[in-house]
Amino acid sequence: MRIGCPTCKSTIDLDANCAGQLIRCRACGRSFVAPSELTVTGQRHTLSQFSIVGLLLLHFLTMGVYSVIHLGLMHDRLPKIRKSDPSGFVSVALSMVPFVNLVWLFFSLRRLCVRLNEQRRFAGLPEDVPQTLAVVVATLLTCGTVATILPITGWVVLGATLSVLAPVFLATVQASVNELVALEDSSQPETASHGANEPAASAGLSNRDLGEAGERRDLAGTTGS
Ligand SMILES: [Zn+2]
């Protein structure tokens, strides 16, 4: 699996043995702890770039239906790290079931942001896929749908969400994906296979001595289920 050095962003290829190990970047010499998720994933995402303009056109042409499918299917292109990470099929199917979808969208959209941010972190990019916006969009869609029992109100909320906030969210997510894919396509494995031949002991540092590079975030512990 390929990750980015947290300090200098150069690309480093690691195998699953390096998970949680102290490794040293050859480009900048800084040491850091490889993500512990390596053991779980051992696989790359298969995300691809998509035109943001095209995506927005499809969003408006289909009144948001295409967006639900597009975002739902992204789940299939991400390594399944948690048991509760949904497949693309489940995500899209539940998004289409009336009433169930009102609850499902909260989970599905937010989890998608979490999963995309993981991939960005592995690549050394900032985790800027907007989780909060995902929750706001899902909340407004739910409130708007419920409010359609009132005259006008619900439709105004739904219309505003689908025509403004949802496209902003969609474009932001796709821009983050495009940036990630572009970075990985352009980077060469110049600093190949660190760590495997230099186990943590040889670095003479414990995990505690790592400073900022040692911020080891244990994903399974913090975001699991
Ligand atoms: Zn580095």
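Phe-99 sits in the loop between H4 and H5; helices here are DSSP runs of H or I with at least four residues, strands are runs of E with at least two, and both are numbered from the N terminus. This is a predicted model, in which local features need pLDDT of at least 70, side-chain atom pairs count only at pLDDT 80 or more, and totals for chains, interfaces and linings use all residues. Residues are numbered from 1 along each chain as its sequence is written.

Back to Phe-99. Its phi is positive, about 75°, although the residue is not a glycine. Most residues other than glycine have a negative phi. Phe-99 has 9 other C-beta atoms within 10 Å and is therefore exposed. The cut-offs, with C-beta atoms placed from the backbone, are 20 or more other C-beta atoms within 10 Å for buried, 12 or fewer for exposed, and partly exposed in between.

H4 covers residues 88-95, and it packs against H5 at an angle of about 140° with the axes 8 Å apart. Axes are lines fitted to C-alpha atoms, for helices over the stretch in contact, and angles run from 0 to 180 degrees between N-to-C directions. H4 and H5 are therefore oblique to each other. On this scale, under 35 degrees is roughly parallel, over 145 roughly antiparallel, 65 to 115 roughly perpendicular, and the rest oblique.

Which residues meet? From H4 they are Ser-91, Leu-94 and Ser-95, and from H5 they are Val-100, Asn-101, Trp-104, Leu-105 and Ser-108. By class, that contact has four nonpolar, four polar and no charged residues. Contact means C-beta atoms, placed from the backbone, within 7 Å. Nonpolar means Ala, Val, Leu, Ile, Met, Phe, Trp, Tyr, Cys and Pro; charged means Asp, Glu, Lys and Arg; the others, Gly among them, are polar.

H5 itself, residues 100-122, has 23 residues and reaches 33 Å from first C-alpha to last, close to the 33 Å expected at 1.5 Å a residue. The expected span is 1.5 Å times one less than the number of residues. Just after H5, Gly-124 takes a positive phi of about 80°.

Next, another loop residue. Ile-152 lies in the loop between H6 (131-146) and H7. Its phi is positive too, near 65°, and Ile-152 is not a glycine. With 9 other C-beta atoms within 10 Å, Ile-152 is exposed.

H7 covers residues 153-186, and its axis comes within 10 Å of that of H2, residues 52-61, crossing at roughly 150°. H2 and H7 are therefore roughly antiparallel. In H2, the residues Ile-52, Leu-55, Leu-56 and His-59 meet Pro-167, Leu-170, Ala-171, Gln-174 and Ala-175 in H7. That set divides into seven nonpolar, two polar and no charged.

Then the strand end of the chain. Gln-21 is in the loop between E2 (11-13) and E3 (22-24). Is Gln-21 buried or exposed? It counts as buried, because it has 20 C-beta neighbours inside 10 Å. Its C-alpha is separated by 5.4 Å from that of Val-33, twelve residues apart along the chain.

Last, the whole chain. There are nine helices and four strands, running β-β-β-β-α-α-α-α-α-α-α-α-α from the N terminus. Of the 225 residues, 27% count as buried. Among contacts with a separation of 6 or more, 62% are between residues 24 or more positions apart.

Key
Two residues are in contact if their C-beta atoms, placed from the backbone, lie within 7 Å.
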